[in-house]
Amino acid sequence: MSIKKILKLTAIATTLSVAISSYAQDIKLGFNGDLSASPSAQSGKAGVIGIEAAIADINAAGGVLGRKLTLVVRDDQSQPPKSIQNMSDLIDNEKVVAVFGPTNSGNALAWRHIPNQKKIVSMGMIGSGTDITKPMSPGAENYMFRVSMVDREQVAALVTYASKLPKKTIGLMGETTGYGQGGLKDLEEIMKLHGMSAVATEKFGVADTDMTSQLNKMKAANVDTILLWAQGTPIGQLMRSMEKLNYYPLVLTSWAADNITFYDAAGKNLASKPVFMRTMVSPSTPAQKKLYERTASKLAAPSAFPFVVHGYDAVLLVAEAIKQSGGTDGPKMKEALENLNASVNGVMKTYSKPFNKTDHEALTAGDLTFVKWNGDQLVKYSDDIIKTMSASDYKR
Amino acid sequence: MEAILQALISGLAVGSAYSLVALGFSVTFTTTKTLNFSHGEFVSAGAFIGMSVLFLAVGKLPTSTSFGGADPGAMAQLGALLASLIVMGLIGWLLFILGVRPFAKRPGMAWVMSTLGFGVILQSIGLAIWGPKPVVVPSPVGDDVIRWMGIGIRPQEILILVVSVIVMIGFDHVMRKTMMGKAMRAVAQNQNVASLMGINVTLVMIGAFIISSALAGLSGFLLAPVAQASLFMGLAVGLKGFSAAMVGGLNNARGCVFGGFILGVLESFVNLWSAQWREVAIFALVILVLALRPNGLFGTNMVEKV
């Protein structure tokens, strides 16, 4: 072997070992959620776009503790068994230090024991199910955090609004899925806290195309305000059934109405009727506008943008926890999240002490806004009642 | 009173969709004694083929996700219908060649798996091309609610109702009164004897799968404006359509359509009472009918000749 060849080989070996060692120093993050199967998959895709954008920005600024962030993405196709399997795979095989997602609340409830047992932080940024961030048993160590909408918080705000209406005969409606039933339960409980009750409660299937029977019962009970929990498409179908009966009570509904699927299903005129809540109206701050311009072309619809922001901010919070704890040890990261010293300048807002031992929600009722569709745009909705409402009126 | 009339009309509208799907199941069963277990996925596929043609007609990519208020016009709708019928017919032919013929004569239930698998393949291809988002498809007959005596119905729902009755009458006539119908029934009865009588058994079977799949295409095309085109739309109507066929009688076209109407109206009336018991009521009815009349309400006795 000539000296030249030896030198050449050494050079290659050195490059390789440098490459491997720098690879080993990367901090791996994971995403587990639906990206292809259910109608909510577009929210999952938007979330990943936000996560990737934040990782790119952090890496461009030198990474965290001098290490680059990387992302491993797993599609759970909205199926709980697949989602559980992904979770174990990401934590045990891929050795990620935190997991983002999932898209569907039910899947988080199916696997939340896994991050809790393995002591790995899970940062939700899409699914809004109330119970996701609750500890497995009272006082148990809890690794589930969230930067997203929370069903109970929207319900608290919507019921407060309903309680202040001068005249109200309230009916409850919900789809027969876990999402709809969970929302109905929250609605009933919080109405009770306000000393209110519904004169009628009706359910419908998620794929139903005609809800006139249920609406006729609402009409017969003189209902003038409907609190409704369902996904985008069925809310749209419900509005279409209202049109058949020419019966339009006030509809206060879940944030699923911000989905373009609702707008498409209901059509321009009917879409403008329901009032609901959102974590943001449309990109308004410079940071939001910048991120929107960067990602808009990749989104299925502009209305999916909040998930980009949730994903972006979720990464910032996890990165800050790594920085504060000085490493990627799960329990130390969790402790850091529960007691973040520095405020984090997110795209949604500035997070100062977003979490503590018992509260794992970065966004709460005060961060939510009432919205409505106006044409094909989402606009902030306000009236005399909303102006008098404050976070202290909310009962949870 | 208005509520009951509305429930009846809405139920018939929903039920006519089940009827069309039930007819699709009936066609292959009455000729080959096999069923396409992914008929529901075929309905979705039919909807997406029609939708793609409509997108092309308004100058958009077939993979777009919204018409944005554009109206494709009558000619485009006709073209979309024809495309759904032809493409789905061809896919039905493919299904028979690849998924049914190799297994149909063998003992066992291999064709059940192969037709199910065919549906999974179709759905996966659909997801790869169009993605999971449901698409609102403009109706060929407009979307304005028609009001009559205090009740409301959409023109598309009336169209489905009318078409399902026309298809039923046509199919009934062909099966009972024509040579072709007799040949189809002969094949169902006994393939070997039918073959000895000079009937081209393979041709009849291929024909049945083509017609059944084209019917799925028709169902998808008609359902899309009501239920939205989605790759999951076939799941619910597939199951309900099959139930309708079981209630009415799988080997009887009239039975299939009435079965669909019965289920649709029952659903709508249970909704008037308590919607969460609807599925329980439907499947209790299916089980009850099967227990009392195993061949369905309108079905004729099937004698298994050994």
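1. Domain bounds here come from an automatic or database domain assignment. On that basis, chain A splits into domain 1 (8–149 + 283–363) and domain 2 (153–278 + 369–393).

2. Conventions. Residues are numbered from 1 along each chain as its sequence is written, while chains are lettered from A and ligands numbered from 1 in the order in which they are written. The model is predicted: local features need pLDDT of at least 70, side-chain atom pairs count only at pLDDT 80 or more, and totals for chains, interfaces and linings use all residues.

3. Domains of chain A. Their centres, taken over C-alpha atoms, are 31 Å apart. Domain 1 of chain A gives 9 residues to the contact and domain 2 of chain A gives 13. Two residues are in contact if their C-beta atoms, placed from the backbone, lie within 7 Å. The domain 1 side has 4 nonpolar, 5 polar and no charged residues. Nonpolar covers Ala, Val, Leu, Ile, Met, Phe, Trp, Tyr, Cys and Pro; charged covers Asp, Glu, Lys and Arg; the others, Gly among them, are polar.

4. Chain interface. Here 25 residues of chain B are in contact with 28 residues of chain A. On the chain B side, α1 (2–32), β2 (151–153), α8 (201–227) and α10 (253–274) each give two or more residues. The largest share, 6 residues, is from α1(B). By class, the chain B side holds 15 nonpolar, 9 polar and 1 charged. Elements are DSSP runs numbered from the N terminus: helices are H or I of at least four residues, strands E of at least two.

5. Helix pair. The axes of α1(B) and α8(B) come within 8 Å and cross at roughly 175°. α1(B) is therefore roughly antiparallel to α8(B), a label for angles over 145 degrees. Axes are lines fitted to C-alpha atoms, for helices over the stretch in contact, and angles run from 0 to 180 degrees between N-to-C directions. The contact of α1(B) with α8(B) has 14 nonpolar, 6 polar and no charged residues.

6. Cores. The largest nonpolar core has 142 residues, and Leu23(B) and Leu223(B) have the most contacts inside it. Its largest share, 16 residues, comes from α8(B). A core is a set of buried Ala, Val, Leu, Ile, Met, Phe, Trp, Tyr and Cys residues joined through C-beta atoms within 7 Å; buried means 20 or more other C-beta atoms within 10 Å of the residue's own, all placed from the backbone. Apart from this core lies another, of 62 residues, including Leu69(A) and Met348(A).

Methods: A residue is buried if 20 or more other C-beta atoms lie within 10 Å of its own, exposed if 12 or fewer, and partly exposed in between; C-beta atoms are placed from the backbone. Angles under 35 degrees count as roughly parallel, over 145 as roughly antiparallel, 65 to 115 as roughly perpendicular and the rest as oblique.
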